[in-house]
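Here is a short briefing on selected features of this model. Look over the sequence and structure, then read on.

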Amino acid sequence: MNLMAPRPASGTTKADLVFAKAPDGRSYLARQFLPYPFHITRPFYFDRDPAGMATVYLQSAAGGAYRGDRLALSVTLEEGAAAHVTTQASTLVHAGRGGRTSLAQEIALGSGAFLEFLPDPLILMSGADCEVESELRLQEGARLLFSDAFLTHDPEEQGRPPKAFRSTLVVRAPSGRPLLVDRFHLGEGAMPLSRLGDFPCHASIVFIAPEGDATLAAQLHSVLKPFVGVFAGVSSLTLGAGLWVRLLAQDGVSLSAALLSVWQELRCRVTSQTAEPRRK
């Protein structure tokens with residue numbers, strides 16, 4: 001399978017990160033291209049992470065995503081590499097004012113690679129019109145924990161929800177065959193975001209790994225059941241590919257706590273190690 005990400009559409013600002021595994025077992029940034037507004041920290045290595053795993057924080061120099069922005073991020077892990085990619089904070093998606101914000105995420109994992117891609121939720125401001133497209137491609141033996149989350153925010157509390165939000169998530173097997181296709185559309189001809197009511201916070205989590213069996217699905221149900229103000233659903237993917245989790249929460253604090261618990265549970269299943277929350 002070709003690990004190279006497809007060429008971005010015209011007018012798109014695209015950042016590229018490529019992780020590789022050194023002879024000593026440590027993963028490192030083998031290549032990076034970060035045009036404005038993208039920025040990252042240097043890689044960090046934490047004692048309680050899997051051996052050699054690199055942690056990188058994504059940052060923005062723009063104060064959020066704006067009308068007309070077309071931003072794409074490509075993350076590639078070469079054979080055997082391990083990385084945890086997160087954000088320094090949530091990304092604000094500002095009011096569209098007649099325009100749309102387009103965000104794309106392309107992830108490609110080589111054989112035996114392990115990626116935790118866990119950005120903080122997007123914050124959809126009043127009037128925001130946002131589209132997110134995510135394509136995840138894995139070779140045999142790769143493991144992926146991927147989260148895509150958002151919450152809505154009306155800073156003036158005038159009952160002005162975001163205008164629209166569209167999401168497309170595709171996970172592909174080494175053959176290119178889709179393992180999972182998830183699409184939803186809120187606002188503009190669909191259910192308005194104001195109808196989210198008491199649950200304006202949303203997350204989708206995909207776990208692609210041999211460990212993602214029915215036993216783990218039941219275990220995640222048990223872990224998430226006690227959370228107050230959180231609706232959670234856990235499903236097994238076809239062909240034993242892994243798990244898919246959907247979360248609805250009353251507020252960002254509840255959503256973050258549920259996401260943390262899912263991450264810790266899945267990290268422990270893969271590595272038998274406890275995941276420590278990242279300082280932000």
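**Strand residues and a helix pair**

V206 sits in strand β15 (residues 201–208); helices (H or I, at least four residues) and strands (E, at least two) are DSSP runs, numbered from the N terminus. This is a predicted model: local features need pLDDT of at least 70, side-chain atom pairs count only at pLDDT 80 or more, and totals for chains, interfaces and linings use all residues. Residues are numbered from 1 along each chain as its sequence is written, and side-chain values use heavy atoms, with hydrogens and water left out.

**V206**
- V206 counts as buried because its relative accessibility is 0% (buried means under 20% relative accessible area, exposed over 50%, partly exposed in between; 1.4 Å probe, protein chains only).
- Not counting residues up to four places away in sequence, V206 touches L144, L145, F146, L169, V171, L180, L243 and W244 (contact means heavy atoms within 4.5 Å).
- V206 and L266 are 60 residues apart in sequence and 11 Å apart in space, C-alpha to C-alpha.

**D148**
- Strand β12 (residues 143–153) holds D148.
- D148 is buried but has no salt bridge (a side-chain nitrogen of Lys or Arg within 4 Å of a carboxyl oxygen of Asp or Glu).
- The nearest side chain of opposite charge to D148 is R246, 7.6 Å away (Lys and Arg count as positive and Asp and Glu as negative; His and the chain ends are not counted).
- D148 touches V132, S134, S167, H202, A203 and S204, not counting residues up to four places away in sequence.

**Helices α1 and α2**
- In α1, T215, L216, Q219, L220, V223 and L224 meet A258, S261, V262, E265, L266 and R269 in α2.
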